[in-house]
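Try each task before reading its solution.

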Amino acid sequence: MLSFTGNPLDRASAERSDPKWIAAQQARADALFLPIWQAKPLLVGDRAGLLSAAMMGLTPDMQTIFLGLRDGQPLFAVALPDSEAAPLAGLGEFREMRAAALVLPDAECAIAGQAKSLIDWHHRHRFCANCGAQTLAADSGYRRDCPGCGAQHFPRTDPVVIMLPFLGEECLVGRGARFPEGMYSAFAGFMEPGETLEEAVKRELQEEVSLAVSSVRYHASQPWPFPSSLMLGCYAEAVSRDFQIDAQEIEQARWMTKAEVRARLAGEIQDGIKLPGTVAIARMLLSNWVQTR
Ligand SMILES: [Zn+2]
């Protein structure tokens with residue numbers, strides 16, 4: 001399954017805004033807590049480090065965020081203070097989210113992504129965007145309230161279009177200046193206000209490679225918790241093979257045939273050119289495309 005998708009939790013959105021209900025869930029003996037430290041989830045071996053309150057030494061000053069119910073069992077994320085040394089020594093290891101995504105079971109990867117995204121949002125939204133006063137977490141972590149002006153702030157999700165342009169048996173892939181060496185991938189960019197998905201795809205391809213496309217088709221989406229994107233995977237049918245890279249955004253681009261993409265995905269060509277790894281939706285766009293007739 002695509003990383004960060006398939007979250008199995010019942011988010012209990014009707015109940016979670018009731019502080020009494022949340023307190024009762026948190027006090028349950030079977031409640032589990034996923035500690036996050038410096039944006040890294042705790043892993044125990046290759047599993048998510050879901051700990052009991054006693055095991056993780058939960059104290060009232062720690063911020064907890066309700067993640068949801070897994071078969072009735074409550075799960076919370078806990079933001080640990082930014083200490084220099086990793087806390088909870090001996091219980092597990094805090095691992096970068098991208099590295100964790102490579103080893104975690106699908107459901108736990110989605111849960112850890114949800115936890116990281118929410119905790120990042122709290123860290124970055126401590127002050128009211130309207131009046132500048134310090135805000136307070138509310139609604140079990142799904143809102144921040146401003147005591148200064150009464151504004152309510154909600155966790156953000158930033159839509160990003162990611163698209164694979166193709167023409168017949170070839171697709172166009174590019175590499176950004178900050179990509180790992182040799183890496184080519186689908187094109188991507190943040191959506192802007194007042195745009196449809198299709199318009200954003202067309203604009204980004206125009207800006208990055210001056211490529212004209214006739215049609216855009218949505219394929220699949222992926223939560224991408226770095227820190228709060230939603231990747232919207234699309235295919236775009238090109239009008240011609242002509243393109244011109246915009247050096248500000250793209251270092252290189254090249255057409256690849258289906259046979260070439262297939263061989264590269266299978267690791268059969270070792271010439272330093274790489275395609276995206278299994279965690280990324282770009283790889284799904286490529287692997288799905290080579291399977292179509
Ligand atoms: Zn305010």
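Predicted model: local features only at pLDDT ≥ 70, side-chain atom pairs only at ≥ 80, totals over all residues.

**Exercise 1. Strand pairing around β10**

Solution. 
Step 1. Residues are numbered from 1 along each chain as its sequence is written, and side-chain values use heavy atoms, with hydrogens and water left out.

Step 2. Strands here are DSSP runs of E with at least two residues, helices are runs of H or I with at least four, and both are numbered from the N terminus; two strands pair if DSSP finds at least two bridges between them. The two strands form a hairpin with two residues between them, and glycine 168 in the turn has a positive phi of about 60°.

Step 3. Strand β12 (residues 187-190) is antiparallel to β10, with four bridges; there, alanine 188 is the bridge partner of isoleucine 162.

Step 4. Strand β14 (residues 229-238) runs parallel to β10 and is joined to it by nine bridges. Within this pairing, leucine 164 stands opposite tyrosine 235.

Step 5. Finally, check how covered β10 (residues 158-167) is: eight of its ten residues are buried, where buried means under 20% relative accessible area, exposed over 50%, and partly exposed in between (1.4 Å probe, protein chains only).

**Exercise 2. From cysteine 171 to the core**

Task: Which residues touch the most other members of the largest nonpolar core?

Solution. 
Step 1. A nonpolar core is a set of buried Ala, Val, Leu, Ile, Met, Phe, Trp, Tyr and Cys residues joined through side-chain atoms within 4.5 Å.

Step 2. The largest has 49 residues, and those touching the most other members are Leu67, Leu164, Cys171, Val261, Leu286 and Trp289.

Step 3. Apart from neighbours within four places in sequence, cysteine 171 is in contact with Leu164, Pro165, Phe166, Arg254, Trp255, Met256, Val261, Leu286 and Trp289; contact means heavy atoms within 4.5 Å.

Step 4. There is also a second, separate core of 20 residues, including Met191, Ala200, Val216 and Leu232.

**Exercise 3. Helix α6**

Task: Is helix α6 largely enclosed or largely open?

Solution. 
Step 1. Look at residues 258-265: six of the eight are buried, so α6 is largely enclosed by the rest of the structure.

Step 2. The buried ones are Lys258, Glu260, Val261, Ala263, Arg264 and Leu265.

Step 3. These residues pack against β11, β15 (250-257) and α7 (281-291). Just after the helix, glycine 267 has a positive phi of about 75°.

**Exercise 4. The zinc site**

Task: What is the arrangement of the four donor atoms around the zinc ion?

Solution. 
Step 1. Collect the protein donors, which are Cys128 (SG), Cys131 (SG), Cys146 (SG) and Cys149 (SG), at 2.2 to 2.4 Å from the ion. Donors are N, O and S atoms within 2.8 Å of the metal (3.2 Å for Na, K and Ca); water is not among the atoms, so sites may look incomplete.

Step 2. The donor atoms subtend angles of 100 to 115°, so the arrangement is tetrahedral; four donors count as tetrahedral if all angles lie between 85 and 135 degrees.

Step 3. Along the chain, the donors follow the spacing C-x2-C-x14-C-x2-C. Cysteine 128 is in the loop between α4 (106-124) and β7 (136-138), and cysteine 146 in the loop between β8 (143-145) and β9 (152-153), so this pair ties together parts that are 18 residues apart in sequence.

Step 4. Both cysteine 128 and cysteine 146 are buried.

**Exercise 5. Two side chains**

Task: Are histidine 122 and tyrosine 218 buried or partly exposed?

Solution. 
Step 1. Histidine 122, in helix α4, is buried, with a relative accessible area of 2%.

Step 2. Its side chain makes a polar contact with that of glutamine 63 (3.3 Å). A polar contact is a pair of N or O atoms within 3.5 Å; within protein, one must be able to donate a hydrogen and the other to accept it, and residues adjacent in sequence count only if both atoms are side-chain atoms.

Step 3. Tyrosine 218, in strand β13 (residues 213-224), is partly exposed, with a relative accessible area of 42%.

Technical notes. Tetrahedral: all angles 85-135°; square planar, octahedral: opposite > 155°, others 65-115°.
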